[in-house]
Every structure is written in C-alpha cells, then in structure tokens.
Amino acid sequence: METDILKPKRKFSLVRALREDSAFQGIALISPTAIYMLILIILPMILVAVLSFMTRGTYGNVVYKFNFQNYVRLIDPIYLRILLYSLGVGLATMVFTILIGYPLAYFIARSPVRKRSLYLFLILLPFWTNFIIRIYAWIMILRTQGLLNTVLLNLGLIKVPLDILYTPAAVLIGMVYEFLPFMVLPLYTSLEKIENAQLEAAADLGARPLRAFLRVTLPLSVPGMIAGSILVFIPAMGMFVVPDLMGGAKTVLVGNVIRNQFLTSRDWPFGAAASMVLMILTLAFTLYYTRKAGFGEELLV
Amino acid sequence: MDEFAVEMRDVVKIFPTPEGGEVAAVNHVTLQIKHGEFFSMLGPSGCGKTTSLRMMAGFEWPTEGEIYIDGTAMGRTPPYLRTVNTVFQSYALFQHMSVFQNVAFGLEMEHVPKKEIEHRVRDALEMVKLSGMGRRKPKQLSGGQQQRIALARALVKRPAVLLLDEPLGALDLKLRKEMQLELKALQKEVGITFVYVTHDQEEALTMSDRIAVMSQGKVLQIGTPVEIYERPNCRFVADFIGETNFLKGRVKKTDEDLLTVELLDFPREIKGVGQGNLAVGQEVSISIRPEKVRLEDDINDDTAPYKDSDNLLRGRVLTTAYVGSDTRIIIDIGHNISLIVWEQNHISTLDPQAYYTAEDKVVIHLPFENTLVLPEG
C-alpha cells in the first residue's frame with residue numbers, strides 16, 4: 001500500500017501505451033477499420049434511417065417532421081408485388097449461379113495446381129471492363145438483330161428472331177452473368193479445401209463416385225455455397241442497372257423503385273423508407289438462411 | 001481361400017516427374033503376405049512402401065506386374081470393389097459427420113440393414129474404447145481418439161486385409177507406444193491381416209510378425225523382427241534397423257564356418273558370420289552392434305587379433321554418455337575410426353570407478369558370431 005502511495009503517478013504516454021498496453025494496442029489496430037466503417041457505413045445508414053421518417057417537401061426538399069407516412073405508403077399491393085418479384089429474381093439468380101458455378105468451381109478445384117491460377121484469372125478477367133460496357137455487350141448479343149439471333153437464323157435453327165432482350169429472361173441472363181464470379185470463388189475455396197484423402201476414404205469404404213460426391217464432396221462444399229449465395233443474393237436484390245438496361249420498362253425491381261425515388265421523383269424520405277425495408281428483409285432472409293444451413297468461414301475469404 | 005492374403009508379383013509403378021521424366025516408385029517388388037499376419041513395410045521416405053500400399057488399396061494401379069488379394073488378381077479393380085480397407089495417415093475422417101456416421105458410412109455403402117449397422121458400429125466403437133463418443137464430431141476429439149475412429153471405421157467392414165499407412169505418425173511418443181501395443185493386441189483379437197507401413201524401425205520391430213525392408217523401390221529383406229535385426233542381409237538393412245558400427249573390409253577366406261575379412265583401413269583380420277554368397281576378394285561391410293561387444297580394461301600388451309572366440313580391438317575412450325540403463329561410450333581405435341559401444345549398467349552403484357571415463361584404455365571383445373559380414377548395398 002505504502003509503495004503505491006509513494007510511487008509517482010505516471011502520466012499517460014502514447015509510446016508506452018502502444019508498447020505495453022495490450023488493450024490499447026487492440027483499439028489502435030482496429031481503429032482504421034472502425035473509422036472507415038463508421039464514416040462509410042454506419043453514419044450513412046443512420047442518415048437513411050432518420051430520413052425515412054421525414055416528409056418530402058413541395059420541391060423535392062426534405063421536411064424534417066417525424067412521421068410513419070412513408071412506411072404506410074409502402075403497404076401497397078404494387079410495392080408488395082415488386083418486392084416479391086425482386087425476391088424471385090434474386091433467388092433465381094442465386095439458383096442459376098449455383099447451377100452454372102458449381103461445375104465450373106469443381107472443374108477448377110480438380111485441375112492441376114499450376115492451371116488453377118490461370119482459370120481463376122479468367123474468371124476475374126471481366127472485372128477489368130466496366131460493368132455498364134459489359135451489359136451493353138450483352139445487349140448487342142441478345143437484341144433482335146444481335147449476334148445470337150444472327151447465328152441461330154443462319155444455322156437455320158430458328159425462323160423468326162427470338163425476342164429475348166427487354167424480357168425478364170434477359171434480366172436474369174444479365175444478373176447471372178454479373179454475379180457468377182461471386183458464386184464461383186467461394187465455391188472454389190470450399191471445394192479446393194477438400195483433401196483427396198477424403199474422397200479416397202469414401203471410395204475405400206465402398207462408395208461409388210456418385211455416392212462419394214453426394215455424401216462427401218457436396219456436404220463439404222455447403223459453406224462455400226452459402227457464402228456465394230449471400231454474396232449473390234444481397235446485391236442482386238438491390239440491382240437496378242441490369243433491369244433498367246436489359247429489362248426495358250417492363251421489369252421493375254426494388255432497386256429501380258428506390259433509385260427512381262431518389263433521382264426521378266426526388267422523394268428522398270420515401271426512397272429511404274423503401275431502402276430500410278429492403279435492407280431489413282434481406283438481412284432477415286440471410287440470417288434465416290445461414291442459421292438453417294450453418295455459416296461458413298468462406299465468407300471471410 | 002488362397003494361401004496368401006496379399007501377393008505382389010513383380011510389381012512396378014512408374015510415376016512421371018514434374019521435370020517430364022519418369023521415376024520407378026516401386027521397382028519389381030514380389031512379396032507374399034500370409035493370412036492373419038501382421039506384416040510391416042519398413043523403409044525411409046520415398047522407398048515405395050506407401051505406393052505399394054496404395055496399389056493394394058486400389059488408389060494406384062501397377063504399371064507392370066499384378067497384385068492378388070486372396071488369390072484374385074486385382075488388375076484395375078477400383079477401391080470400392082476391393083475387400084480391403086485403409087487407415088489413412090491423416091485419418092481422413094469425414095469432418096461433416098458424427099463419429100457414429102463416420103463408422104457407419106462403410107456399412108451404409110454395403111446396404112447393411114439399419115439395426116445391424118447400429119449394432120456393429122456400437123461394437124466397433126467399444127473395441128477401440130470409444131463407446132459413448134458416437135455423437136461427437138471428429139474435430140472435438142484428440143489425435144489419438146481420431147486415430148481410433150479411423151481404425152473403427154475401417155475394421156467395422158470386416159475387411160480381408162487392413163491397410164495402415166503410418167497411422168501413428170501424428171501421435172506423440174508416449175501415446176504412440178501405447179497404441180503400438182494396443183494395435184498389436186487388437187490385430188490378434190480380430191485375426192485380420194494387417195499390412196502396416198512405417199518408417200519407424202522400432203515400431204516395426206515391436207508390432208510385426210514379419211517385416212519387409214524397402215529402399216529405392218525395392219524389397220531388400222523380408223523376415224521376422226529377430227531375423228531382420230540379428231541377421232540383416234546387407235549393409236542398408238543393418239544400418240536402417242537399430243544402430244551399428246561399420247568397418248570396411250575385403251573377404252580373405254571363406255572356407256571355414258566363419259569368414260575371414262581383411263580390414264581396408266588398417267592391416268587387421270577379423271572373423272565373422274557372412275550373409276549371402278560372399279566371394280574371396282569381395283568388398284564388404286562388417287557390422288558390429290554397439291550392445292553386442294564387451295569391454296575390458298587394457299592391462300597387458302597382448303596384440304593378438306583373436307582370443308578364444310572373440311576378435312580383439314584396442315582403443316581409447318573418447319567420450320561417455322550415461323543414459324540410465326546403459327552407458328554409451330565412443331572409443332577411438334586409431335586410424336581415424338571410432339566405435340560406439342553400449343555398456344549395460346547391470347550393477348547399481350555410485351562409485352565412479354565402476355564406469356569408464358575418457359582416456360581409459362580398453363580392449364573391445366567382438367565375439368565372432370556377433371560380427372556380421374555384409375555385402376554393400
């Protein structure tokens with residue numbers, strides 16, 4: 001006790017804290033990320049949340065008067081239909097990216113090690129081009145006098161050009177194309193981690209290749225599939241560029257509604273409310289999905 | 001039932017190397033493994049023992065030759081149609097399944113009725129002393145326990161032959177020794193043929209009925225642990241199994257029961273037991289196990305090379321290391337040659353006079369029958 005009193009109280013020293021205080025070191029290490037998250041994610045989200053309870057002024061300005069009017073407006077069959085439709089498109093995108101992405105990821109994971117990085121590079125290559133430009137490329141391919149129809153007509157496979165562009169099918173093609181790498185990469189990570197000895201053990205215990213796949217490979221790749229699904233589903237729900245450009249005026253998703261509120265109708269509070277609802281629904285779905293099927297650390301990759 | 005559980009007839013396995021060449025991992029191997037035998041394949045890494053095992057399991061196919069299991073030529077039979085099961089070095093347990101599901105997997109593949117599966121899995125878990133662990137996931141178990149699960153998973157199928165690929169390699173020394181004895185007892189209990197791959201010579205000696213010593217894709221010697229240790233058939237086997245001293249020599253006389261060998265490093269003749277067909281003039285290695293010699297204080301100046309039944313070598317103690325059960329002594333016998341000798345400490349005493357120390361002059365007695373004359377290789 002005596003020594004405690006006699007000991008002069010040391011002043012706080014940044015250098016000493018960085019060197020000796022493990023709690024301070026932890027805070028110091030995490031602060032760049034924390035500041036980044038605060039400024040770019042948490043503050044904007046609070047802003048949107050606050051905004052969603054305000055009202056639109058006559059000239060598109062925001063009137064700061066608290067009310068639930070925007071959420072009441074959202075309880076409308078039109079919006080409900082758009083929401084359900086978006087959910088359907090998001091789920092369809094997810095399912096198709098799994099169906100196409102799984103064999104692709106499996107193929108890469110089973111390739112010789114030296115070739116794998118080349119294949120992964122090819123998967124990522126499209127990202128070097130602007131997203132809008134790639135969507136226009138798809139428009140060129142799919143339109144009535146486009147590449148696809150020209151080829152099919154010349155081959156004599158069809159008599160009348162197919163009307164794909166500006167249909168829900170075109171939107172789905174664009175979405176699946178855009179989000180495929182987000183499914184392939186986590187799936188690959190999952191599949192690549194499966195030791196060959198696991199498959200040998202399955203064969204050794206009497207499993208033919210198909211059963212070995214169903215009982216060993218498939219279950220072990222579920223974490224990757226979940227991670228991929230989240231990476232695809234969340235942005236797919238909010239996507240508005242693809243339906244805008246490839247779906248024509250016929251296909252309206254939640255993303256378009258929100259975008260229109262902010263840019264066209266200049267009704268920021270209503271757009272903010274729609275954003276909040278979309279976010280909460282997506283979050284609920286994702287939580288349910290991960291709880292149900294287990295959460296993979298692949299999401300962190 | 002055929003005479004042999006497993007037979008390899010002139011098997012060759014060639015792998016391509018990354019540089020575009022070829023390498024024979026297994027090079028004309030012929031061996032027979034009897035029913036109910038604990039058979040070990042022992043050798044340094046890259047000697048072809050694991051490749052041989054993988055060919056028996058069906059993960060690899062021989063480039064040449066044929067493997068027979070219970071008298072049936074295996075050819076390119078896939079693993080899932082073979083009556084052998086494997087315990088993998090990494091255990092290869094299914095992490096997404098419980099312990100019970102892991103052990104039941106092989107039986108489900110055979111479409112064994114559910115009731116019987118439950119029964120047999122319970123018995124198998126009991127056999128490896130893991131009853132009541134069925135609901136755990138493999139990751140929740142210790143290395144030793146995972147090893148037992150891998151064993152139960154393979155044994156529950158009641159295979160004709162159980163293949164074990166360094167199954168104790170990942171365990172710590174104490175646990176490994178325990179498991180060695182347990183595995184051996186288990187094998188006797190179930191009566192299944194075990195083919196055991198290891199690079200640990202002590203492990204092979206402890207557990208095996210017979211051992212095949214391999215090097216560079218070839219089998220050098222097949223025999224019981226006693227045969228392999230006491231009568232190695234070449235320098236490599238003597239060197240790999242246990243510790244030994246080598247002296248280089250040339251065969252001088254072969255007409256007696258014992259060979260007479262002339263040492264190359266200094267003019268001296270040594271008598272010993274010859275292994276294989278050794279001709280006069282052939283260069284050989286003389287193997288002297290460190291525990292098979294006797295030391296005596298050098299009191300007289302007798303320079304005779306033999307005495308009764310022993311070769312005699314004079315020397316000077318360089319260093320000693322007391323290790324409890326015995327003292328390990330390095331003795332300089334001149335001409336830049338030193339021998340390692342283990343003196344058993346069979347008298348309990350604190351008297352420093354009872355132990356050799358550096359600079360002591362000694363005579364090393366090498367009994368003729370403990371002196372092995374081996375071909376190089």
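Predicted model: local features only at pLDDT ≥ 70, side-chain atom pairs only at ≥ 80, totals over all residues.
User: How many residues of chain B are in contact with chain A?

Analyst: Residues are numbered from 1 along each chain as its sequence is written, while chains are lettered from A and ligands numbered from 1 in the order in which they are written. Contact means heavy atoms within 4.5 Å. On that basis, 18 residues of chain A are touched, and the number from chain B is 24.

User: Which residues in chain B lose the most area to chain A?

Analyst: Start with the whole interface: about 1900 Å² is buried between the two chains, and carbon and sulfur atoms give 58% of that. Buried area here is the accessible area (1.4 Å probe) that two parts lose on being put together, summed over both. Three residues of chain B together make up 34% of what that side buries, and they are Tyr80(B), His96(B) and Met109(B).

User: What is the distance between the closest N and O atoms in the salt bridge of Glu108(B) with Arg215(A)?

Analyst: A salt bridge needs a side-chain nitrogen of Lys or Arg within 4 Å of a carboxyl oxygen of Asp or Glu. Between chain B and chain A there are 2 of them. In the one joining Glu108(B) to Arg215(A), the closest N and O atoms are separated by 2.7 Å.

User: Which helix of chain B gives the most to the side that touches chain A?

Analyst: Helices (H or I, at least four residues) and strands (E, at least two) are DSSP runs numbered from the N terminus. Three elements of chain B, namely helix 1 (49-57), strand 6 (84-87) and helix 2 (99-109), each supply at least two residues of the side that touches chain A. The top contributor gives 4 residues, and that is helix 2.

User: By class, how many nonpolar residues does the side of chain B that touches chain A have?

Analyst: Ala, Val, Leu, Ile, Met, Phe, Trp, Tyr, Cys and Pro count as nonpolar, Asp, Glu, Lys and Arg as charged, and the others, Gly among them, as polar. That side of chain B has 4 charged and 7 polar residues, and its nonpolar residues number 13.

User: Which residues is Thr286(A) in contact with, leaving aside its neighbours within four places in sequence?

Analyst: Thr286(A) sits in helix 14 (residues 268-293) of chain A and is buried because its relative accessible area is 13%. A polar atom of its side chain lies 2.6 Å from the backbone oxygen of Thr282(A). Beyond its sequence neighbours, the contacts of Thr286(A) are Ile230(A) and Ile234(A).

User: Is Ala185(B) buried or partly exposed?

Analyst: Ala185(B) belongs to helix 5 (residues 173-190) of chain B. Its C-alpha atom is 9.2 Å from that of Met207(B), 22 residues away along the chain. Because its relative accessibility is 45%, Ala185(B) counts as partly exposed.

User: Over how many bridges do strand 14 and strand 21 of chain B pair?

Analyst: Two strands pair if DSSP finds at least two bridges between them. Strand 14 (residues 283-288) is mostly covered, with 5 of its 6 residues buried, and it pairs with strand 11 (residues 245-253) in the antiparallel sense over 6 bridges. Its pairing with strand 21 (residues 371-375) is also antiparallel, and the number of bridges there is 5.

User: What positive phi does Gly20(B) have in the turn?

Analyst: Strand 1 (residues 4-16) and strand 2 (residues 22-34) of chain B pair in the antiparallel sense over 9 bridges, with Phe4(B) opposite Lys34(B). The two strands form a hairpin with 5 residues between them, and the positive phi of Gly20(B) in its turn is about 95°.

Notes
Heavy atoms only, no water. Buried < 20%, exposed > 50% of the residue type's maximum accessible area, 1.4 Å probe, protein only. Polar contact = N/O pair within 3.5 Å; in protein donor to acceptor, adjacent residues only side chain to side chain.
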